[in-house]
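Thank you all for coming.

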Amino acid sequence: MLTVHHLRISQSERIVWLCEELGLDYDLKLYNRREDNRLAPDDYKALHPMGIAPVIQDGDLVLGESGAIIEYIVAKHGGGRLAPGVDDPDFADHLFWFHFANATFMTNGMMAIAAQQAGAAEMPPFVADRTQKAWAMVEQRLGEADYFGGRQLTTADIMMGFQLTTSRAFNNMSIDALPNLKAYLKRIGERPAYQRAMAKAEPGMPPRLD
């Protein structure tokens, strides 16, 4: 049995969404953040040497890292679904956005958090520039295609989703100036698999879709 360990209000929601889109039979274990520092509880940290979300178990395998987990599940349990093949015209775009999600987009946010915790009065200029460019790219892409991966939803959308939705609960960022993104999130919010995933992963917390 595939087990998904989900730390609430974290990027491990991606894995729950993926399993629901693929219609997999899986066991979901929820973990609440600590009250004192909002970090993962000790029993979650004990799951993997890095002590961070997400983590899955599949038999004797314990695996971390969003991208690795998503590729593993799609290849082993999903029959390659949600990932365009090399001959698909969307292949390169899918790869770009799949990797952009954590390598650049989420990294920008983490650098901003680190600067804030270090006592910076404002975001360092190079971080602000990277962040502005990234959100502009998101808006442009969603004006060109219905999904980050192209014509259909792919794992690139699942990777990008957390930063566009739940992560904004931390900074209350408005997307009123990003109409393509707003339309995209409306489409995502209408997907039954996404609705099921968020109801299971974040019970009592409406998805941040506007």
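Predicted model: local features only at pLDDT ≥ 70, side-chain atom pairs only at ≥ 80, totals over all residues.

Let me begin with a question: where is the place of Gly-189? It is in helix 7, residues 179-189, where helices are DSSP runs of H or I with at least four residues, strands are runs of E with at least two, and both are numbered from the N terminus.

Residues are numbered from 1 along each chain as its sequence is written, and side-chain values use heavy atoms, with hydrogens and water left out.

To stay with Gly-189 for a moment, this residue is buried, with a relative accessible area of 18%; buried means under 20%, exposed over 50%, and partly exposed in between, with a 1.4 Å probe and protein chains only. Leaving aside residues up to four places away in sequence, Gly-189 touches Tyr-194, Gln-195 and Leu-209, a contact being heavy atoms within 4.5 Å. As for Leu-209, which is 20 residues apart from Gly-189 along the chain, the two C-alpha atoms are separated by 6.9 Å.

Now the chain as a whole. It has eight helices and four strands, and along the sequence these follow the pattern β-α-β-α-β-β-α-α-α-α-α-α. For 210 residues a compact globule would have a radius of gyration near 17 Å, and the 17 Å of this chain agrees with that; the radius is taken over C-alpha atoms, and the globule rule is 2.2 Å times the number of residues to the power 0.38. The C-alpha trace spans about 45 × 45 × 30 Å along its principal axes, and 46% of the residues count as buried. Among contacts with a separation of 6 or more, 66% come from residues 24 or more positions apart.

Let me turn to helix packing. Two packed helices are described by the angle between their axes and the distance between the axes. The axes here are lines fitted to C-alpha atoms, for helices over the stretch in contact, and the angles run from 0 to 180 degrees between N-to-C directions.

Helix 7 packs against helix 5, residues 125-144, at an angle of about 65°, with the axes 8 Å apart. Their crossing is left-handed, meaning that the near helix is turned anticlockwise from the far one by less than a right angle, whereas clockwise would be right-handed. On the helix 5 side, Trp-135, Val-138, Glu-139, Leu-142 and Gly-143 meet Pro-179, Asn-180, Leu-181 and Tyr-184 of helix 7.

Helix 3, residues 66-76, takes part in two further pairs, one with helix 1 and one with helix 6. With helix 1, residues 13-22, the axes come within 10 Å and cross at roughly 15°, and the two helices are therefore roughly parallel, the term for angles under 35 degrees, with over 145 counting as roughly antiparallel, 65 to 115 as roughly perpendicular and the rest as oblique. This crossing is right-handed. With helix 6, residues 155-164, the axes come within 11 Å and cross at roughly 150°, so helix 3 and helix 6 are roughly antiparallel to each other. Here too the crossing is right-handed. The contact is made by Ser-66, Gly-67, Ile-70 and Val-74 of helix 3 together with Thr-155, Ile-158 and Met-159 of helix 6.

Finally, some backbone details. Most residues other than glycine have a negative phi, and most peptide bonds are trans. The bond from Ala-53 to Pro-54, however, is cis, with omega near 5°, and Pro-54 is found in the loop between helix 2 (42-45) and strand 3 (55-58). Ile-9, in the loop between strand 1 (2-7) and helix 1, has a positive phi near 55° and is partly exposed, with a relative accessible area of 21%. Glu-65, in the loop between strand 4 (61-64) and helix 3, has a positive phi of about 75°.
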